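Have the sequence and the 3D view open as you read.

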Amino acid sequence: MPIKRWLAMLLVLLLLCRPVQAFGWLDPAAVATIKEFLNAQTLDQLRQGVVAVPEEVVNEYLAGALANFPGITEARVTILPDNKLRLAFTARQTGRVVVEGRIMKFVQNQDESQMVVAVGKRSLRDRPVASWLFSHLSLGALVKLFGNPLTGAGDYFVARFDGNLLVVDFRPYIDQSPLRTVTFAGRSLVDLIAVDAVTTGSGVLYLHVSYHGPGELLALLRQFLD
């Protein structure tokens, strides 16, 4: 075998030996799952501590999730500066609904998966009279009167209302994530990446993240994503 081919094989072994020994070989299903959720750009942003999520990506996910909520025919999120969001959706029972809120807290780590949103302006565009009640009573009071509209989403998240605060525990969604099944040295990839906070700009959501795993793993992931 020509010496150049021997050197090339040796270089490949040196590059791959340590990651493979440390984390075990990734099977094709695990690689496919990683590629579904990560790309090279996202991985580089992860290293820098801030992952940018464009508004269109959020709405693509929202459109796919609507199949689980037959009472809602369409929905769209508008991301605004200062941690503000606007959600507009059409419900079969109430018509067009517009709600604005500010993200007060967003964390995802081994111990906690929670989002807190302070809901402000809200209206029922197709029902002017009912809209006054909807906008003036607290969400907590409305839930007591009419029930929690998010109860049916228990397989994905658990939501409760405290006054005009919406508190969402999305641990059920995290635990069902395919990334949960991708493990390295006995730890799930989900638990190695934490979201510590969220900020927003016009049309973009910024996840402030921290990585709690070995540096070799990031190098290994980069090889699969390049």
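**Salt bridges and their surroundings**

Arg 86 is partly exposed, with a relative accessible area of 28% (buried means under 20%, exposed over 50%, and partly exposed in between, with a 1.4 Å probe and protein chains only). This is a predicted model, in which local features need pLDDT of at least 70, side-chain atom pairs count only at pLDDT 80 or more, and totals for chains, interfaces and linings use all residues. Residues are numbered from 1 along each chain as its sequence is written, and side-chain values use heavy atoms, leaving out hydrogens and water.

The side chain of Arg 86 meets that of Glu 100 in a salt bridge at 3.0 Å, N to O (a side-chain nitrogen of Lys or Arg within 4 Å of a carboxyl oxygen of Asp or Glu). Arg 86 lies in strand E3 and Glu 100 in strand E4, so the pair ties together parts that are 14 residues apart in sequence (strands are DSSP runs of E, at least two residues, and helices runs of H or I, at least four, numbered from the N terminus).

The structure holds nine salt bridges. Another one of them joins Arg 76 and Glu 55 at 3.4 Å, N to O. Because Arg 76 sits in strand E2 and Glu 55 in helix H4, this pair links parts 21 residues apart in sequence. Arg 76 is partly exposed at 35% relative accessible area, whereas Glu 55 is buried at 14%. The side chain of Glu 55 also reaches the backbone nitrogen of Ile 79 at 2.8 Å.

How values were computed:
Polar contact = N/O pair within 3.5 Å; in protein donor to acceptor, adjacent residues only side chain to side chain.
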